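Here is a short report for a reader meeting this chain for the first time. Look over the sequence and the model, then read on.

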Amino acid sequence: MDQFSVSKTIKGTLPRVPFIVYKNTVLGKKYSLSLVFAGDTRMRKLNQQYRKKDYVPDILSFPLSKTEGEIYINLRKTYTHAKIHEMTKNGFLAFLFIHGMLHLKGMGHGSRMESEERKYKRFFKLA
């Protein structure tokens, strides 16, 4: 009963990353998640509208309820940040997706979240 959808508002092919496996491990099979790949303009607008911040983020997470949420990812920003973090593009994309899901679980930035991120990074062997 996987409740997961992926869509894009950008051109090009999407990366081959096992998002459903990550989603089911972090959030569970019953959690309904929508993943959207969006460009700079849409990401900036969402960030302005919901966070009152005027820049293009690499990821935005929106919890809709305890069992439903949305994640928006900007691949251009994500791939730029992958180089900074010395990770592969897909490795950092997976790490960022996990980061977004931890926000959906109610975690904020801090040591607890970083500990969970390290746990999943090891579990999924992300590089």
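Along the sequence, the chain runs β-α-β-α-β-β-α-α-α. Its radius of gyration is 14 Å, close to the 14 Å that the globule rule gives for 127 residues, so the chain is as compact as a globular protein of that length. The radius is taken over C-alpha atoms, and the globule rule is 2.2 Å times the number of residues to the power 0.38. In total there are five helices and four strands. Helices (H or I, at least four residues) and strands (E, at least two) are DSSP runs, numbered from the N terminus.

This is a predicted model: local features need pLDDT of at least 70, side-chain atom pairs count only at pLDDT 80 or more, and totals for chains, interfaces and linings use all residues. Residues are numbered from 1 along each chain as its sequence is written, and side-chain values use heavy atoms, with hydrogens and water left out.

**The whole chain**

The C-alpha atoms fill a box of roughly 35 × 35 × 30 Å along the principal axes. Of the 127 residues, 43% count as buried. Buried means under 20% relative accessible area, exposed over 50%, and partly exposed in between (1.4 Å probe, protein chains only). Among contacts with a separation of 6 or more, 59% join residues 24 or more positions apart. A contact means heavy atoms within 4.5 Å.

**The cores**

The largest nonpolar core has 30 residues. Such a core is a set of buried Ala, Val, Leu, Ile, Met, Phe, Trp, Tyr and Cys residues joined through side-chain atoms within 4.5 Å. Ile 71, Ile 73, Phe 97 and Met 101 have the most contacts inside it. At least two residues of this core come from each of helix 1 (19–26), strand 2 (32–37), strand 4 (68–73), helix 3 (75–84), helix 4 (89–104) and helix 5 (111–123). Helix 4 gives the largest share, 10 residues. Apart from this core lies another, of eight residues, including Ala 38, Leu 60, Phe 62 and Tyr 72.

What does Ile 73 touch, not counting residues up to four places away in sequence? Its partners include Leu 35, Val 36, Phe 37, Met 43, Ile 59, Leu 93 and Phe 97. Asp 58 and Thr 78 are also among them.

**Helix 1**

Phe 19, Tyr 22, Lys 23, Asn 24 and Val 26 are the buried residues of helix 1. Their cover includes strand 1 (3–8), strand 2, helix 4 and helix 5. Ile 20 also sits in helix 1. Ile 20 and Leu 35 are 15 residues apart in sequence, and their C-alpha atoms are 10 Å apart. Just after helix 1, Gly 28 has a positive phi of about 100 degrees.

Thr 80 belongs to helix 3. Lys 52 lies in the loop between helix 2 (40–51) and strand 3 (59–65). Glu 86 is in the loop between helix 3 and helix 4.

| Residue | Relative accessibility | Class |
|---|---|---|
| Ile 20 | Ile 20: 30% | partly exposed |
| Thr 80 | Thr 80: 39% | partly exposed |
| Lys 52 | Lys 52: 70% | exposed |
| Glu 86 | Glu 86: 74% | exposed |

Two of these residues have a backbone feature to look at. Lys 52 is not a glycine, yet its phi is positive, near 60 degrees. Glu 86, not a glycine either, has a positive phi of about 55 degrees. Thr 80 and Leu 33 are 47 residues apart along the chain, with 25 Å between their C-alpha atoms.
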